[in-house]
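Student: I would like to go through this model with you. Could we take it piece by piece?

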Amino acid sequence: MRILLLIVIGLLLYVIISHLVRKSRLEKLSAPNQRSQKMVKCSHCGIHIAETEALKKGEHFFCSQQHLDDFS
Ligand SMILES: [Zn+2]
C-alpha cells in the first residue's frame, strides 16, 4: 500500500514538473522574440519605432508618411 502511494506521488510530481518545464521552455522561446524587435530612429523627428512599423526610404526610417515626405 505504501508503494502504491509512492508511485502516485511520483506520477504527480512527474506531471507537475513536466508541466513547469514545458511552461518555462515556452516562455524562453517567446521572450527573446519580443526583445529582438529591432528599433529604428525616425530621420525627421528622432523618435524610436519598431522596424516593422517604420516607413523606409533608402537608408532612412520614418515614423509616418508625413515625416517621410518632409525629409525629401
Ligand atoms: Zn518622425
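Student: Where does Ile16 lie?
Tutor: Ile16 is part of helix 1. Please keep in mind that the model is predicted.

Student: And is Ile16 buried or exposed?
Tutor: Ile16 is exposed, because 10 C-beta neighbours fall inside 10 Å, and the limit for an exposed residue is 12 or fewer.

Student: How far is Ile16 from Leu5 in space?
Tutor: Their C-alpha atoms are 17 Å apart, for a separation of 11 residues in sequence.

Student: How far is Gln37 from Ile3?
Tutor: The distance between the C-alpha atoms of Gln37 and Ile3 is 52 Å, and the two are 34 residues apart along the chain.

Student: Now the whole chain. How many helices and strands are there?
Tutor: The secondary structure consists of two helices and four strands. Their order, starting at the N terminus, is α-β-β-β-β-α.

Student: What about domains? Which residues go where?
Tutor: The domain assignment places residues 1-36 in domain 1 and residues 37-72 in domain 2. The centres of domain 1 and domain 2, taken over C-alpha atoms, are 44 Å apart.

Student: What are the overall dimensions, then?
Tutor: Along the principal axes, the C-alpha atoms fill a box of roughly 80 × 15 × 15 Å. The radius of gyration is 25 Å, whereas a compact globule of 72 residues would have one near 11 Å.

Student: What share of the residues counts as buried?
Tutor: Of the 72 residues, 6% count as buried.

Student: Let us turn to the strands. Where is Val40?
Tutor: Val40 sits in strand 1, which covers residues 39-41.

Student: Which residues does Val40 touch, apart from its sequence neighbours?
Tutor: Leaving aside neighbours within four places in sequence, Val40 is in contact with Ile49, Glu51, Ala54 and Phe61.

Student: Why does Val40 count as partly exposed?
Tutor: Val40 has 18 C-beta neighbours inside 10 Å. Val40 is therefore not buried, since that class requires 20 or more, and it is partly exposed.

Student: And the other helix? Which one holds Gln65?
Tutor: Gln65 lies in helix 2, which spans residues 65-71. Gln65 is exposed, because 9 other C-beta atoms are found within 10 Å.

Student: How far is Gln65 from Leu13?
Tutor: Gln65 and Leu13 are 52 residues apart along the chain, and their C-alpha atoms are separated by 56 Å.

Student: One last topic: what is the mean pLDDT?
Tutor: The mean pLDDT of the protein is 90, and 93% of its residues reach 70 or more.

Student: Where is confidence lowest, and where is it highest?
Tutor: Confidence is lowest in helix 1 (residues 2-35), with a mean of 87. Confidence is highest in strand 4 (residues 60-62), at 96.

Definitions and conventions:
Residues are numbered from 1 along each chain as its sequence is written. This is a predicted model: local features need pLDDT of at least 70, side-chain atom pairs count only at pLDDT 80 or more; totals for chains, interfaces and linings use all residues. Domain bounds come from an automatic or database domain assignment. The radius of gyration is taken over C-alpha atoms; the globule rule is 2.2 Å times the number of residues to the power 0.38. Two residues are in contact if their C-beta atoms, placed from the backbone, lie within 7 Å. pLDDT is the predictor's confidence in each residue, from 0 to 100.
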